[in-house]
Amino acid sequence: MNLALTEEEAAFREEMRTFFTTEIPAEIREKSRVGIELTRDDMVTTMRLLNANGLAVPNWPVEFGGREWTETQRHIWLHEMQLASVPEPLTFNASMVGPVIATFGSQEQKEKFLPPTANLDIWWCQGFSEPEAGSDLASLRTTARRDGDDYIVNGQKTWTTLGQYADWIFALVRTNPDAPKKQAGISFLLIDLKTPGITMRPIKLIDGSVEVNEVFFEDVRVPAENLVGEENSGWSYAKFLLGNERTGITRLGHTKVWLEQAREHAAAIRLGNGTLLDDPAFAARFAELDNEVQALDVTQLRLISSSSDGKPNPASSILKLRGSELQQSVTELLMDIAGPDSLPYQAGDDIDSPGWAQRSVPTYLNYRKVSIYGGSNEVQRQIIASTILGL
């Protein structure tokens, strides 16, 4: 195990760092850094710049924009992107449906969908969860009945993130309601959201944002050619997709950026003869969180080093578990530093409460979700106990 970068890897890191800090518009990176909501155009602009330079989908096959990078290079690429506050390639495109189509789709599907997916000419959203099928996803009820050259889709999806921006949705649908096991009889279908019979309805969240939606399908006719892989094999494709999703939740680079912001804000708050950063209780809390971030950083490098053969490593559950916990800890720290200044919501710049403080509570509330999605932390603890500790 080698936790130090080679000369070639250090040069690669410098290349990534230079590109991210000079080629991505500074105004987009600053919005991302301070937590101002990005627009659809911000995301499209960033991903197209990345794609034009071969940096949007390095995990894909080379013929569709991928790069033959090592695990360490992929880690450096993502980590430096996060440290530079560059919006990451849209997860639904780059890490979810793209790899599924590249691995299980037909050649026609690859040629039709992968280039516009990499360039964000198609914005995808995910149609998995349902009102009674979230953690127990295999209980989904949305049906797709074969009718000649089409499927007729009926049902409902919920918690569809950024669906208001999307052009297409990739959905799990039940094609065989009589299958002996819940996991069987499920297929993976690509659906154009302009198709008649689809209704998208926003859900307002506790932080005041409209980030997720519910989607209704009423006799929606979908061409059978939009079935990915084999009928009734969608559960296997979903597990493949969710494995890719989980590895991206650690977001340690973002946590480091937030922690540095916490240091700066605390150092600007006068307390007695010093600042909040000098307060022993606060300093101890900050130091403990800083140490935990550094420990996870080393753990992540150890995992990458041991995964050089490309095989899945169950220790990725540790990264998801601790990464999400640290994101929640640092957003709570920022809210506590803001204190009473965190109480106004979207009050603007005409009051003494600074923008970062006004955003601290909504950000804290929003990041309660990270210990649930991508496999709840309770599930991750079970995986760690059984596959790593052998309990």
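Select helix α11, residues 355–366, where helices are DSSP runs of H or I with at least four residues, strands are runs of E with at least two, and both are numbered from the N terminus. Buried here are A357, Q358, S360, P362, Y364 and N366; buried means under 20% relative accessible area, exposed over 50%, and partly exposed in between, with a 1.4 Å probe and protein chains only. This is a predicted model, in which local features need pLDDT of at least 70 and side-chain atom pairs count only at pLDDT 80 or more, while totals for chains, interfaces and linings use all residues. Residues are numbered from 1 along each chain as its sequence is written, and side-chain values use heavy atoms, leaving out hydrogens and water.

Next, select S187 in strand β5 (residues 186–192). S187 is buried, with a relative accessible area of 1%. Among the residues that S187 touches are A171, L172, V173 and L227, not counting residues up to four places away in sequence; contact means heavy atoms within 4.5 Å. The side chain of S187 also reaches the backbone nitrogen of N232 at 2.7 Å.

Last, go to L389, in the segment after α12 (377–388). L389 is exposed, because its relative accessible area is 55%.

Notes. A polar contact is a pair of N or O atoms within 3.5 Å; within protein, one must be able to donate a hydrogen and the other to accept it, and residues adjacent in sequence count only if both atoms are side-chain atoms. The expected span of a helix is 1.5 Å times one less than its number of residues.
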